[in-house]
Amino acid sequence: NTFWVDLQANWFWFVLVGIISQPVWLLIERAIDPEIIDHIIERLPFPATAGGLLVYVIPLAFALIGEELTHRTLIQGRLTPFIGATAAILVASLVFGISHYSPGPFAIVAVDISSIVFDSILFGIIYARSNNLIVSWAAHLLGDILGLVCLIFVM
C-alpha cells in the first residue's frame, strides 16, 4: 500500500544503489584489475549475453525476493531490536556478501565481496528507513539489471 510513498521518501538511496552504484563499482573494479570483471561474469548463474539477460530477468526477480526476505526481514529485521539498526544492517550485509562468495584470487574476491557488502548496506538502509521490503527489492532488482546490462554491453 505504501510503496510509492516509501519510494519517494527514500529516492536518494534508491537512485544511489539502483542506478549509480553498479556502473560505478564496475568501473572501479575494471580500473583496479580487469580480472575482477571476469570473476564477476564467471559467478553469474547464466551466460552474460543479451539473450541470457532477457531469459533470466523473471527468475532473477524471484531470486532477489528470496535474498531480500532472508537478509532484510529475517536477519536485519530480527536483529534490529537486539543490536540496533546500524549493527543489524552491517551483520546482514556481511552475511549477504559472504553468501555471494565465489572462489578465486584473494584480492579479486575481496574487491568483489566488498562491492556486494556496500550495496547490501544501501539495501539495508532503504529497508530500515521504509520497513518496506518491496522498495529494497525494487532497488536490488534495478541495480542488478543495470549491472548486468553494463557487464554485457559496456565491459
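Analyst: Happy to! Let's start with how elements are named: a helix is a DSSP run of H or I with at least four residues, and the numbering goes from the N terminus. Please also keep in mind that this is a predicted model.

User: Good. Which helix gives the most to the lining of the largest pocket?

Analyst: That is α4, which contributes 6 residues. A residue counts as lining if it has an atom within 4 Å of a pocket point. The lining as a whole has 30 residues, and R43, L44, L60, H100 and D144 are the ones nearest the pocket centre. Two or more lining residues come from each of α2 (11–32), α3 (35–43), α4 (50–83), α5 (85–99), α6 (106–130) and α7 (133–153). The space in this pocket is about 640 Å³.

User: How do the residues of that lining divide into nonpolar, polar and charged?

Analyst: There are 17 nonpolar, 7 polar and 6 charged residues. If you want to check the tally, remember that Gly is counted among the polar residues.

User: What makes R43 and D112 a salt bridge?

Analyst: Their side chains meet at 2.8 Å, N to O. The cut-off is a Lys or Arg nitrogen within 4 Å of an Asp or Glu carboxyl oxygen, so the pair qualifies. Side chains of opposite charge can pair when their charged atoms come close.

User: Why is this pair said to tie parts of the chain together?

Analyst: R43 belongs to helix α3 and D112 to helix α6, so the bridge links parts that are 69 residues apart in sequence.

User: Are those two partners labelled buried or partly exposed?

Analyst: One of each. Buried means under 20% relative accessible area, exposed means over 50%, and partly exposed is in between. D112 has 1%, so it is buried. R43 has 26%, so it is partly exposed.

User: How many salt bridges does a search of the whole structure find?

Analyst: It finds 2. Besides R43 and D112, there is a salt bridge between the side chains of E68 and R72, at 3.0 Å from N to O.

User: What makes E68 and R72 about one helical turn apart, and why is each called buried?

Analyst: Both are in helix α4, and they are 4 residues apart, so about one helical turn separates them. As for burial, E68 has a relative accessible area of 0%, and R72 also has 0%. Each value is under 20%, so both residues are buried.

User: What makes I19, I20, V24, I28, I32 and L142 a nonpolar patch?

Analyst: Patch members need over 30% relative accessible area and no salt bridge, and nonpolar side chains are joined within 5 Å. I20 sits in helix α2, which supplies the largest share of the patch, 5 residues. Together the patch residues have about 470 Å² of accessible area.

User: What stands out about the backbone of N131, and why is N131 called exposed?

Analyst: Its phi is near 55°, a positive value in a residue other than glycine. N131 lies in the loop between α6 and α7. Its relative accessible area is 59%, which is over 50%, so the label is exposed.

User: Why are V149, I83 and A87 called partly exposed?

Analyst: V149 in helix α7 has 28%, I83 in helix α4 has 43%, and A87 in helix α5 has 29%. These values fall between 20% and 50%, so partly exposed is the label.

User: How far apart in space are V149 and H39, and I83 and G66?

Analyst: From C-alpha to C-alpha, V149 and H39 are 16 Å apart, with a sequence separation of 110 residues. I83 and G66 are 23 Å apart, with a sequence separation of 17 residues.

Definitions and conventions. Residues numbered from 1 in each chain as written. Predicted model: local features only at pLDDT ≥ 70, side-chain atom pairs only at ≥ 80, totals over all residues. Heavy atoms only, no water. 1 Å grid on protein atoms, 1.4 Å probe; cavity = no way out; pocket = protein on both sides within 12 Å on 5 of 7 lines; lining within 4 Å. Points joined across faces, edges and corners; volume = space filled by probe spheres on them. Patch = residues over 30% accessible without salt bridge, like charges linked within 9 Å, V, L, I, M, F, W, Y side chains within 5 Å. Areas by Shrake-Rupley, 256 points an atom, 1.4 Å probe, with all protein chains shown as cover. Buried < 20%, exposed > 50% of the residue type's maximum accessible area, 1.4 Å probe, protein only.
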